[in-house]
Amino acid sequence: MRFNKSELNALATSPATKFDKEGLLIVTDRQEGFLWRSEVRVERWCKLRGNLLFCLKDKDPKSPVSGVLVLENCRARIQTEDCDPDGYVFDLDFKDSPTERFISYSSAERLAWVYSIEQASNETLNLLINQLKEQIVSKSRQLPLAMGNNIDLGVPVPPAMIRQQQQQQDETEDSPPVEVAPTFEELDLSELPICETALSCDSLPVDTFGRDPNPRVVCSVLQPGEDCLWREHARTELQEGTRTPQFLSTMRFQRSAGFTASTRLRFSVHDVRERMTLTSVPLGHAEVALGVIQDTTRLRLPVCSPRGECGFITLISWSPEAAVEPGQATGNGLPPPPRSSTQLFETAGGASASSGSVSGSGRRAHRRTQSLPPKLGVRLFVPQQCGLQRVCAKPRLHTYRLHSSLGADISVQETLLESRLCCVLPQQLLSIWIQREKELLQEISGMGELSGEWRWRQMNLLEEHLRLLKDYSQAKQNIQQLARDGIFFKQSSVKTDESLEFLPVNLHVQRMWAQNDTLQRRGFLDIVTVGAFTRHDAKGRQCGGLIKLLQESKSWKLEQSNACKVQAANDAVQATKQLRKEIVELMSQLLQLASRRCATDMMPLCNQMVSKTRTLLNIWEPSIVKEAVDFIEQHRIIEEPENVLMEPMSPFRKITQQLTALELKSPELEDFATPVVAPPDLWPRGQPPLMRSNSWHPSNSSPSGSLDIRAIDSLQHVVKCYNEHLRSLEQGAPGQRTEKDALAEAEATYQSLPLAWHAQPQTQFQSQPEATPMPPAALQLIDLDELRGGAQTAMQPPAGFLDTKLMSSSPSANYYRPTEEPEPLDLTQLNIEASVMCLECKLKFFCGRRDSPAIRLRHPKPPMKREGFAVAPQHQQQQQAPAPDVISAPEKPAPQLELDLKPLATAAASGSAAVKKGNKFTDGLDLSLTTDWAAELRPSMRKLRHAMDRLLKTARLMHSVQRLQQDVRCNRLQASIMYRRDVCFSQALTALVSSLMLRLWGSELDMAYLVMLRDLGPLAYFEGLLTLFGNEADMWSDMCIAIEDLSAVSFQLVRAQGEATLAPMPRITGSRQALEVQLPVPEHSLPGNGTSISFKITPVFFNIGINGKATYAETVGQTREQHRSNWDNYLRLSQYYGRYRKLGLGSVDAGESLQSLLGFMEQQLRANLSKNVKILHLAEDACRLMDGLRFTSCKSAKDRTGMAVTLEQCRVLVREFQLPAKHVPYALSTMRSEGTRMDNVFKNIGTRKYAFHWTQVPFLPAMYRPPVGSYGKAQT
């Protein structure tokens, strides 16, 4: 009786309550004391209602309640049929409670009580329901549909169940097919609804205790057929304690959903007695045809029930067809689409009124009392979505009608969509990272086989990059499979799944459109909701996040002497690649100008090329290059040419040879072949035995570029085993090693791999069922001695990975081969300088500046003596293919570059002597006889290109040497940090590009926004609700680094033409350090002068924890890093506002508001209050005033994110559309319980409950608390 004591007492004593059974019984009461226990029999009046048995204090039927028994898990038992001295006894045996004894005065009374008690339990009622279902099945030969229960509980009928019933109807009898409502995936936002309806009720009955109901209206549609199946279509929100509810949620009826004028609708009114379980009692219903609602602006229907009429329901509807004027209707009866961003239709009642919220009589309607006023149906507003569904999919829509402070109505449309880019962008990023791992594999293999301890270090690096290559390839394959299934988002329930960790969690687009016709104001609010950018651990292990890991890596690098050299070498390689790309692009432009003989435009490009070449020559320090070359000369194992065919292949050569099958081809960034000639064939047909089935070849190349995961795994296993073998040889101290161990280590260079190393990877594939044949790409260590069958083959050196002339003939393979000696750096720089000097002199000659002296790119240095460079044998030089000509295709092969550059080098080294007439580069040229300028420039360009390629080869070799000399543990730590950073960055970039595409395609672009993109770049505000406690502290750390990395990404707007306008897809190019994203935009949006718009974003990240754990984190002082980060982001936001103001963007009022907002934000940050969510609100307002991009995140973007997004929507309605502050709590509760955020919860976990426990809700700020009944036990 302690739980719901007053309610139970009122139920038992109310004269209006109808009981199933009541009468006088003798009850056995147990009385216990400190030292005694006894049983007393007392006469009590007992009442049975449902499964509740009330026992009053005495035999008076009007006496108060003494106790109540819940008749669940109990059984009524009669021990004997005879009469005891006290009467007729029966017992109630409970499962987990003592037995209760009752005594009646007659045998018939006892039997009546026992029967009533047995029929009172829920178990008996469920049994009766199942029996009724079986009877329905036996009579109709169809599966039952729990339609009524689904409607009462708020769960829609699954479409699969309806389709199953339709199939059964088609099989049994030729009845009309059941029209199935389209799923949310088929909803078209551009479709005009037949009509839209708002509802209200009045004169609803009270319950037996005189309490007002908690009404809710459910709209059901009658499915055609003989079964009269009602399917739920829409429902309103729940209002508490009122007989005259006025609902904010409206209902839309569209033709694509199967609605016609003859469609029957049922509006059922329910009284929700308990909000947590949504236990409801139907009050009644009203049925009407859709055509009646469409033709009538205001319709008042009686609510019928078995007890008679129980109130009225009022339907206020508006239809777009009423606005069609003669001569404006299209072929289908609909008005032509307007050009504005809002489609506006007037009803017949408002056709004579002027433009505004004025009724037909010319006066403004008063506020409503019991029902909606007629003015609500004056106008129908439908937003123009532009190309929203080209970048988003699977929309879910909810509409509302709110009331402004001026007596007008606010039309609100809430839409939830999935981004079509969720699976596209991670695949492009993974492709770039896969190509990077291939580059590093080529770099390490290009050093050749090393001796001593450096051999196992080299194999350790190979093993590490093969592991990363396998992980990246497997992740890309998993995402491709998900994209083929048509899935556009990753559920929060599988956020710990490592196979999809590169996808953002629960990425959705939340759009609110609002219209206040009185204020003539309308607009969108777009928010991208996404889970935290982090790598979730399935076991809940904590690593401190990226900030802590980067700090550990930094401290580790300070202890290592060459850690800075590794970073410097990597930066130099990336700079060399970028400069080479820019120089080649300039040369391509010069060729185009030379073909048109445009002399005036050639010199500015020539000056740029000279400047970039000068920078290229000064990147590398000669001392670092010399150290790396000396290291290679000292530790590389050099094979004698005459013993190549006689000695068995070493394990290193066998392993690197198998890398050929992994399609190790340089990325597209390095393919600088001009369109004049196609690149040469990478794998000529002269050696078919060495062709792998999955090797790159023009005949079998696929755009996907997918790799065989099993092949990579097999090769990684071989490398790991060989690495462990080498490590075991290095474990012994030098003083303790015997001569036998030294000989064994020396022989390990050329010995074959153990048999077990061959068999173990193969056994893994042989254990598979025979029905699945092993693909030919499964790797094995093939000994080339077995392939030497013919005499001609025996005379050729073994062709393997980077060990033949094949790779050197590819314009994209700029790596040294394992047996190739590096070219001296001073010779490479001299060749580059001579080529540029020759090219510059020819350009000056064509431009009429024949007497100009030659330029100097660097000061002459004394010649350096190089030792240790062995000249390649003559027969190897003859077998090497000449360097490719990627600029042009001459009829005769190009001469050797060294021979051509000898006179150039001599001229360059002779000093800057004064030239009286011309120079050596242009002597013999006659401008009047030179007709083809491009043909004169191509040889110099070709030599410059080849010299830059050799410089890049040397740069990559230096980088690999520095990485090899680094500590092994440091390499592993950096690899783990890089992988975690890639996971977080992939999620962040996907969310950012989705928001940019939404802004470019989902709304109209004006010139002011394009100017802001070009001159400033957009602001991206990330709002976090994470707690710096437990694993969410790691998530916050990961998000800080991922958001910071977004500032380095470049974006470029490109015109979308042809099929790209129907399905615009961004394209990511570049490398990990320099990414560029090309964003397609509608063709009419960009200016017509042909200028491209490139920009970078300015990201800011503010985080405030709001749950119970945030309270604990603030108590123990774990939020200092959060406060420091918020302050740093405030400074960045202030700097962005300063640049924004200098450009003169925005209005004067917006500028004053921004200045005051930032000042108030500074005050709030200095106050450093607990759970100060005002900081988030001020940042939201500032981002909206500067037309920035909005993101909201929590752990899974489902619960706390839903509270934050709905609060921001209501704040916008108050600030921009004059929603009264007193209406905010009700509007907030409606959006959270019946809006799109509840749909998001259902899509993720299959339950319409926010994952808040009742003990957590009091710790949330007041405006972030979910409404009662919308939260409970659910999976997070």
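Guide: Rings of Phe, Tyr and Trp count as a pair if their centres lie within 6.5 Å, and in this predicted model Trp433, Tyr472, Phe502 and Tyr979 form one aromatic cluster.

Visitor: How many aromatic pairs does that rule give?

Guide: The count comes to 14 aromatic pairs. In one of them, Trp433 and Phe502 lie 6.1 Å apart, centre to centre, with 45° between the planes.

Visitor: Why is the pair of Trp433 and Phe502 called tilted?

Guide: Planes under 30 degrees apart count as stacked and those over 60 as edge-to-face, with the rest called tilted, so the 45° between Trp433 and Phe502 makes this pair tilted. Trp433 belongs to helix H8 (residues 424-446), while Phe502 is in the loop between helix H9 (453-484) and strand S20 (508-516), so the pair ties together parts that are 69 residues apart in sequence. Both residues, Trp433 and Phe502, are buried.

Visitor: What makes the pair of Phe533 and Phe1022 edge-to-face?

Guide: The angle between the planes of Phe533 and Phe1022 is 80°, and the class edge-to-face asks for over 60; the centres are 6.0 Å apart, which is within the 6.5 Å limit. This pair links distant parts of the chain, with Phe533 in the loop between strand S21 (521-529) and helix H10 (545-559) and Phe1022 in strand S22 (residues 1019-1024), 489 residues apart. Both Phe533 and Phe1022 are buried.

Visitor: Which strand is joined to S22, and how do they run?

Guide: Strands S22 and S27 run parallel and are joined by six bridges, whereas at least two are needed for strands to pair. Among the residues bridged, Leu1019 has Thr1098 in S27 as its partner.

Visitor: What makes S27 mostly covered?

Guide: Six of the six residues of strand S27 (residues 1098-1103) are buried. Thr1098, Val1100 and Phe1102 point one way, Pro1099, Phe1101 and Asn1103 point the other way, and all are buried.

Visitor: How do you know that Arg401 sits over the ring of Trp318?

Guide: Arg401 lies over the face of Trp318 at 4.5 Å from the ring centre, and the distance limit for such a charge is 6 Å. Likewise, the charged end of Arg1248 sits over the ring of Phe1242, 4.8 Å from its centre.

Visitor: Why is Thr197 counted as buried?

Guide: Buried means under 20% relative accessible area, and Thr197, at 0% relative accessibility, therefore counts as buried. Thr197 is in strand S8 (residues 195-202), and its side chain makes a polar contact with the side chain of Ser317 at 3.0 Å, which is within the 3.5 Å limit.

Technical notes. Residues numbered from 1 in each chain as written. Predicted model: local features only at pLDDT ≥ 70, side-chain atom pairs only at ≥ 80, totals over all residues. Heavy atoms only, no water. Helix = DSSP H or I, 4+ residues; strand = E, 2+ residues; numbered from the N terminus. Buried < 20%, exposed > 50% of the residue type's maximum accessible area, 1.4 Å probe, protein only. Lys NZ or Arg CZ within 6 Å of the ring centre and 35° of its normal. Polar contact = N/O pair within 3.5 Å; in protein donor to acceptor, adjacent residues only side chain to side chain.
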